[in-house]
Amino acid sequence: MTDALSWLAEPESIAYGGYSVVLARGLTPEDLVARIAEELPGRTARPLGELAAEDLVEDHELEFAGDVEDIALHHGRSGDLAFAVAYGYWQGELTIPPSVSRGGAEIYHLEFEEENGKPVPPFFSSYRDGREHCHFNLHLDPTWGPGDVRGEPAAAAALTAELAAAGLPDPERESGDLHRTCLEVLGRHFGLTLPRALVREAELPAVLLEVD
């Protein structure tokens, strides 16, 4: 399963501008999207039917840094995981709080603002049953908050041990290699997978979160 998430580290893996991906256990894709939409006041959810990712972006002008401020969520299922992939104006707008995991669900959020000029590292957060489980930045960079895994002590310790087994943290590693290796560890540790062909090529249900 080492490549289950690692393809996200490739340039423009989802679309120009980076990626925001939410994975969930214990929820249907529709429930996941509904809970995400609840956290975005001032927007109306409009179903778009089933579209391929390229058509979704082009038909609704969801290019990075465009004039449109809408967010689209492409959603589906891979094994026991529901997923939602964001397109459009998600940077700084799409928040995933612990409450999205209420009622016993598990939520995993992966986010990377690839074209942010600062540059911002990729981030990972997980939530379980309405509580934060663990989080860290995938460059393990202490200049962007804690440079280690934080969260519930047992969860943070277990993930830290698996990162250490992969040779991390390592200040000599290039950022892209850190990103890819951390994604490999997360895939193994949490049993996460997101097939590239399903996300990039399949026609999947989509919802447009339009600014009111």
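E2 pairs with strand E9, residues 204–211, in the antiparallel sense over eight bridges; two strands count as paired if DSSP finds at least two bridges between them. Within that pair, Arg 43 has Val 211 of E9 as its bridge partner. Helices (H or I, at least four residues) and strands (E, at least two) are DSSP runs, numbered from the N terminus.

A word on the source: this is a predicted model, where local features need pLDDT of at least 70 and side-chain atom pairs count only at pLDDT 80 or more, while totals for chains, interfaces and linings use all residues. Residues are numbered from 1 along each chain as its sequence is written, and side-chain values use heavy atoms, with hydrogens and water left out.

Now the whole sheet. It is open, with nine strands in the order E2-E9-E3-E4-E1-E5-E6-E7-E8 and antiparallel pairing. Strands E2 (43–51) and E8 (150–151) are at the edges with a single partner strand each, so one side of each has no neighbour in the sheet.

What does helix H1 pack against? Its buried residues pack against E1, E3, E4, E5 and E9, contact meaning heavy atoms within 4.5 Å. Those buried residues include Leu 32, Val 33 and Ile 36; buried is under 20% relative accessible area, exposed over 50%, partly exposed in between, with a 1.4 Å probe and protein chains only.

Last, Leu 5, in the segment before E1. Leu 5 is buried, at 1% relative accessible area. Among the residues Leu 5 touches, not counting those up to four places away in sequence, are Leu 23, Leu 110 and Leu 186. Leu 5 and Leu 186 are 181 residues apart in sequence, yet 7.9 Å apart in space, C-alpha to C-alpha.
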